[in-house]
Amino acid sequence: MQRSIAVLLIGAVALSGCGFRDSRVNPLNWFGGSDEVEVVEDSSAPVNPLIPQKDRVSVFARPEAVDQTVLIQSVSDMRVERTPTGAIVYATGIAARQGAYGVELRLDEADRDERTKDATLDFTFRAIYPGYRTPVGSDRTRTLRAAVSLSRQQLAGVRSIRVVAEQNARESRR
């Protein structure tokens, strides 16, 4: 039995290596060879296959979140402190009324032109107000604080940092 299996295997290897190389009987030819084909490039937009497409419809899909943030009333203080990895921008502002939450300093990419692209970083001081009426109150009760960390790469070539509110803006220069 062992001898017949050995003879069968040696015969199969010998047959596949000799005159049957272009035959369909040869198991090495079952998928055929490779041929050169012309590549058609679609240069309409760069495609990253790792990012899912947005036009897919799914049962679990959620609608895009609506941005409910608005600019706060004014910026009262702003400072930039150096860190070993870059800098931290601290801003203090006064909201139009009490109850503001979700405070953030958002980098404003839309207002940057080519001339000042590397020279100035503009941040907008934003917050979310409740949907119901809240009292105005004193300045102390409406004071908000926010901070954002910047790396050395983000600060490369930057000469000034500006925080913008509804009524005013504060700027810090190097």
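Among contacts in the chain (heavy atoms within 4.5 Å) between residues at least 6 apart in sequence, 66% join residues at least 24 apart. The model behind this figure is predicted, so to speak a computed picture: local features need pLDDT of at least 70, side-chain atom pairs count only at pLDDT 80 or more, and totals for chains, interfaces and linings use all residues. Residues are numbered from 1 along each chain as its sequence is written, and side-chain values use heavy atoms, with hydrogens and water left out.As for the overall layout, the secondary structure comes to two helices and eight strands. Helices (H or I, at least four residues) and strands (E, at least two) are DSSP runs, numbered from the N terminus. Following the sequence along, the pattern reads α-β-β-β-β-β-β-α-β-β. The chain has 174 residues, and buried ones make up 24% of them. Here, buried means under 20% relative accessible area, exposed means over 50%, and partly exposed is in between, with a 1.4 Å probe and protein chains only. The accessible surface of the chain comes to about 14,200 Å², and 54% of that belongs to carbon and sulfur atoms. Accessible areas come from the Shrake-Rupley method with a 1.4 Å probe, and for residues only the protein chains shown count as cover.

Gln68 sits in the loop between helix H1 (2-17) and strand S1 (70-71). With 54% relative accessibility, Gln68 counts as exposed. Leaving aside residues up to four places away in sequence, Gln68 touches Ala127 and Ile128. Gln68 and Ile128 are 60 residues apart in sequence, yet their C-alpha atoms are 6.2 Å apart in space.

Arg126 belongs to strand S5 (residues 120-128). Its relative accessibility is 18%, so Arg126 counts as buried. The contacts of Arg126, again not counting residues up to four places away in sequence, are Thr69, Val70, Leu71, Ile72, Gly102, Val103, Glu104 and Arg106. Between the C-alpha atoms of Arg126 and Leu105, which are 21 residues apart along the chain, the separation is 6.3 Å.

Ser149 is part of strand S6 (residues 143-151). Ser149 counts as exposed because its relative accessibility is 53%. Beyond residues up to four places away in sequence, Ser149 touches Ala87, Ile88 and Gln154.

Turning to charges, the structure holds seven salt bridges. A salt bridge is a side-chain nitrogen of Lys or Arg within 4 Å of a carboxyl oxygen of Asp or Glu. One of them pairs the side chains of Glu81 and Arg79 at 2.9 Å, N to O. Glu81 counts as partly exposed, at 34% relative accessibility, and Arg79 counts as partly exposed too, at 38%. Another brings together the side chains of Arg142 and Asp139 at 2.3 Å, N to O. In this pair Arg142 is buried, with a relative accessible area of 9%, whereas Asp139 is partly exposed, with 43%.

The side chains of Glu171 and Arg173 also meet in a salt bridge, at 2.8 Å, N to O. Glu171 counts as partly exposed at 32% relative accessibility, while Arg173 is exposed, with a relative accessible area of 65%. Salt bridges that share partners join Asp122, Arg162, Glu171 and Arg173 into one network.

Some charges gather on the surface instead. Arg82, Arg152, Arg159 and Arg174 form a patch of positive charge there. Patches are made of residues with over 30% relative accessible area and no salt bridge; like charges are joined within 9 Å, and nonpolar side chains (Val, Leu, Ile, Met, Phe, Trp, Tyr) within 5 Å. Lys and Arg count as positive and Asp and Glu as negative, while His and the chain ends are not counted. The place of a charge is taken as NZ of Lys, CZ of Arg, CG of Asp or CD of Glu. Arg174 counts as exposed, at 63% relative accessibility.
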